[in-house]
Amino acid sequence: MQAIQIIQEEHSKLWRVAITVNIVADELDAGSPVPTPFFNAVFDYIEGFVDQAHHPKEDDFLFRLVRLRTDRAESLLAQLEENHQQGPDTLQALRSSLARASQGDCSAFTQAVRVYTQALKDHIRLEERELLPLAREVLLPEDWLEIDRAFLDNKDPLFGEQASEQYRELYHRIVALAPESVGLGAQSAGQLKPGVPSKSDVLLAIKGMDSHYGRIQALKGITLEVRRGETVALVGANGAGKTTFLRTLSGVQPMSAGRIYFDGTDISKLRSDLRMRSGICQSPEGRQVFGPLSIEDNLRLGAYTQPKTQVEGDMEKVFGMFPILKEKRKLPAGTLSGGQQQMLAIGRALMGRPKLLLLDEPSMGLAPLLVEEVFNVVKMLKSQGMTIILAEQNAFAALAIADRGYVLETGNITLTGTGKELISNEQVRAAYLGM
Ligand SMILES: Nc1ncnc2c1ncn2[C@@H]1O[C@H](COP(=O)(O)OP(=O)(O)OP(=O)(O)O)[C@@H](O)[C@H]1O
Ligand SMILES: [Mg+2]
């Protein structure tokens, strides 16, 4: 049933696009100029991906086989198929309406956009709530084999690896071209080459870490391990102690008991700047960029423990990852959008040449489209071989990309396992995923 997972992932992408498009429509109604390239990117994505790939796959495999196995689905399938068939015409009408909007007739366009996103959401909901459960019930194992084979065929011109690359690119353009309130704003984040294979030895070992705020004990004997090249998620509710843990690890919050071994050395007594020099670099909660300082100077601050000679070269590397920062390098960091500031905070941490990168809630307060973009950045760093601790309230997204995870509750680690195990753990699903 891997096809179901693929379909659901695609639905959640489309859902995020729909939410984003609605926010932009609100901004248009409030008088913002029409971001034509953004809407073109959205329409190109829907045309290339939804109308030409996603829908035909559903029609040809899922719907056909469900119809074969039951006659209970006829009216549901007929409705879904009709939606699919109308897709290209509706999109064409939207493109024409966009052309008129850029000449001044905006309200007709925003109205058409809202009708469209509503229909898209209704359609997704119908598939998720009715069709997929029915498919699970009536399809036979051999049906799933056939469907999965179709959805996972890497040589498939519509769904193969090369095609998915194109769709990713189309999706990425939406994020890049979206207005700054919801996306990155007119620049595309670069791609880094996949890198160094990781060795599996332990980079960080923490034993019995306690930390207090006055008489309040915020960490109660934390013991954990991070291996080289691993991405470890630290998930837990508001106030669980994630930030306290990261700050204690980087040495800015006092540790009242316990030991920290990093890269083979006991650093329990080491000052925070020396920990940073040894390769523990943190992107703090709430981003905390220095608003009045330029983007360049913010990045330089991240390298203050490093030799001067490498700084310019490293900054170019960060600019390669986040071209939007290069474009705005001379501007005060405070002028950046929330998503861009998060990129800057991560970039600043990278300037310290981390062996271990600590990310404290990088998705906090970001628009849905950008949450995904930030997690893509984390995935990219991971693919380069970076070792990462990712603290997140957004447990699902964090565990989905993590090798392993720890669940933190009021200063205690209550569960640990691989990302996959924790995502499917009933207790975690109930408490953190809201399911
Ligand atoms: N400066 C402080 N003074 C006193 N208590 C604090 C302070 N900072 C945090 N705490 C307390 O320590 C506990 C852990 O807080 P912490 O900020 O580490 O949690 P968190 O998991 O990062 O939460 P969030 O998801 O909201 O960021 C909480 O009970 C919190 O009230
Ligand atoms: Mg926190």
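How far apart do the C-alpha centres of domain 1 and domain 2 lie? They lie 34 Å apart. What you're looking at is a predicted model, where local features need pLDDT of at least 70, side-chain atom pairs count only at pLDDT 80 or more, and totals for chains, interfaces and linings use all residues. Residues are numbered from 1 along each chain as its sequence is written, while chains are lettered from A and ligands numbered from 1 in the order in which they are written.

**The two domains**
- Domain 1 covers 2-177 and domain 2 covers 202-432, with bounds from an automatic or database domain assignment.
- Four residues of domain 1 are in contact with five of domain 2 (C-beta atoms, placed from the backbone, within 7 Å).
- Helix H1 (residues 2-29) supplies three residues, the largest share of domain 1's side; helices (H or I, at least four residues) and strands (E, at least two) are DSSP runs, numbered from the N terminus.

**Around ligand 1**
- Ligand 1 has 14 residues around it, the closest being Tyr213, Ala218, Lys242, Thr243 and Thr244 (C-beta atom, placed from the backbone, within 6 Å).
- Strand S2 (216-227) and helix H7 (242-250) each give two or more residues to this shell, and H7 gives the most, with three.

**Helices H3 and H4**
- The axes of H3 (residues 74-102) and H4 (residues 106-138) come within 10 Å and cross at roughly 160 degrees; axes are lines fitted to C-alpha atoms, for helices over the stretch in contact, with angles from 0 to 180 degrees between N-to-C directions.
- That makes H3 roughly antiparallel to H4 (over 145 degrees).

Note on methods
Two residues are in contact if their C-beta atoms, placed from the backbone, lie within 7 Å. Angles under 35 degrees count as roughly parallel, over 145 as roughly antiparallel, 65 to 115 as roughly perpendicular and the rest as oblique.
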